[in-house]
Structure formats: structure tokens, C-alpha cells
Amino acid sequence: APGVAILSTLPGGIHFELDGTSMAAPHVSGAAAVLRSIVPTLTVEEIEAALIDGSVDAGPPGPDNAVGAGRIDLLQSASLVLGIPLVGVETSATAAEAGLVAGRFTVRRKGSASAGLSIPYTVAGTATPGSDYVALPGSVTIPAGATSATIDVTPFDDALVELTETVVVTLEPVACPAIF
């Protein structure tokens, strides 16, 4: 929750920017109240998990001392308590023709992993599927019980000297998952 440069009031009708946990606490408690109004049986631990998992990371990946778990995103947290998973994609390896090094996209979900989840995606970029790399299928399935799946980009080694080429994977929204 925001805790730096929050516009507040002081006695005498003065408005001033203040910092600290006392500036963040009203945002957190308000978000917790909204989540509890959606699902009244939520425990403190479930509310905390929904707020952390639904937050938008504002610093290095993962919770840290500078920005905590990130900025509260109440819509994403509400999606989680309603059982709607959040899905995102990240790159974890860069492909190269030299040595045929595969590239990798990792698709992760937050929320319940009790069922498999199929996510369609589109592929763009400057590399040509079928001649620069093995064409991708257009969807990835995260199996039940898992929180991630990978999309591997396998390059073809050809005789052409090419500049750097790109492969861009964009997740497509579907009726159930939200994209983070």
C-alpha cells in the first residue's frame, strides 16, 4: 500500500504530504474490509495472502524491504478470493542459433491450482515461425496442482547471418483468468 508522499490533513485545515505506515494502514484495512465483504468467511491469513498475491510488484521480484509485496491491486485480490486465477508470463532464457540454445517463457498462475488451466497466446516478433524457430502451438496448459508451465522457443540453425530477432508471446484473456 502507498506509504510515501500521501496527501493528508493537519490541524488548521492544512494539507501536507506525509510518509509512513500510518499512511499505508488505511489502504490495507480498507482493502481487507472489501475482501471480507465479498467472502465473509475469509480468515486473516487468507486476506493477507490475497492482498500479497494480488499486489503489483513495484521493485525487484518478490517481497523486499523497499516496497514490501508491492502496490495493492484490489481487483486482482478480489479475483483471487472469488477463485479466479491470475496469470502472467516472463522470460527466463534467451534463445540463440549458435549452439541451438532454446529460449523459454514461463507462464505462472496465482490462486487455486486445483484444476488444470489452458491459456491461449499469440506470437509476434521479428523471427519467422517455421524458418527461424519451431512454430509454437498457440496455447499452454498449467496442469492441476502446478503453478507454472513453460513455452520453449527452439531455434533452427541455418546458414543465414541474421541480426537479433525477437519472439513475443502475449497471453490472451479468457473468460476465467485475469492477466497480471
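Me: Is helix 3 mostly covered or mostly open, and how many of its residues are buried?
Reply: Start with a general idea: an α-helix has 3.6 residues a turn, so residues three or four places apart point the same way. Now the case here, in what is a predicted model. Helix 3, residues 74-81, is mostly covered, with six of its eight residues buried. Those buried are Q76, S77, A78, S79, L80 and V81.

Me: What can I look for at the start of helix 3, and what follows the helix?
Reply: At the start, find D73: one of its side-chain oxygens comes to within 3.2 Å of the backbone nitrogen of L75. After the helix comes G83, which has a positive phi, near 85 degrees.

Me: Let's turn to sheets. In what order do the three strands of the open sheet lie?
Reply: In general, strands of a sheet pair through backbone hydrogen bonds, either parallel or antiparallel. Here the order is 6-5-8, and the pairing is antiparallel. Strand 6 (139-142) and strand 8 (168-171) are the edge strands, each pairing on one side only. On average, neighbouring strands of this sheet are turned by 35 degrees against each other, direction ignored.

Me: How many bridges join strand 5 and strand 6, and which residue stands opposite I119?
Reply: Strand 5, residues 117-124, pairs with strand 6 over four bridges. Opposite I119 you will find V140 of strand 6.

Me: Which residues make the nonpolar surface patch?
Reply: L10, I14 and F16 make this patch, of about 260 Å². Take I14, which lies in strand 2 (residues 14-18). Its relative accessible area is 43%, so I14 counts as partly exposed.

Notes:
Residues are numbered from 1 along each chain as its sequence is written. This is a predicted model: local features need pLDDT of at least 70, side-chain atom pairs count only at pLDDT 80 or more; totals for chains, interfaces and linings use all residues. Side-chain values use heavy atoms; hydrogens and water are left out. Two strands pair if DSSP finds at least two bridges between them. Helices (H or I, at least four residues) and strands (E, at least two) are DSSP runs, numbered from the N terminus. Axes are lines fitted to C-alpha atoms, for helices over the stretch in contact, and angles run from 0 to 180 degrees between N-to-C directions. Patches are made of residues with over 30% relative accessible area and no salt bridge: like charges are joined within 9 Å, nonpolar side chains (Val, Leu, Ile, Met, Phe, Trp, Tyr) within 5 Å. Accessible areas come from the Shrake-Rupley method with a 1.4 Å probe; for residues, only the protein chains shown count as cover. A salt bridge is a side-chain nitrogen of Lys or Arg within 4 Å of a carboxyl oxygen of Asp or Glu. Buried means under 20% relative accessible area, exposed over 50%, partly exposed in between (1.4 Å probe, protein chains only). A polar contact is a pair of N or O atoms within 3.5 Å; within protein, one must be able to donate a hydrogen and the other to accept it, and residues adjacent in sequence count only if both atoms are side-chain atoms.
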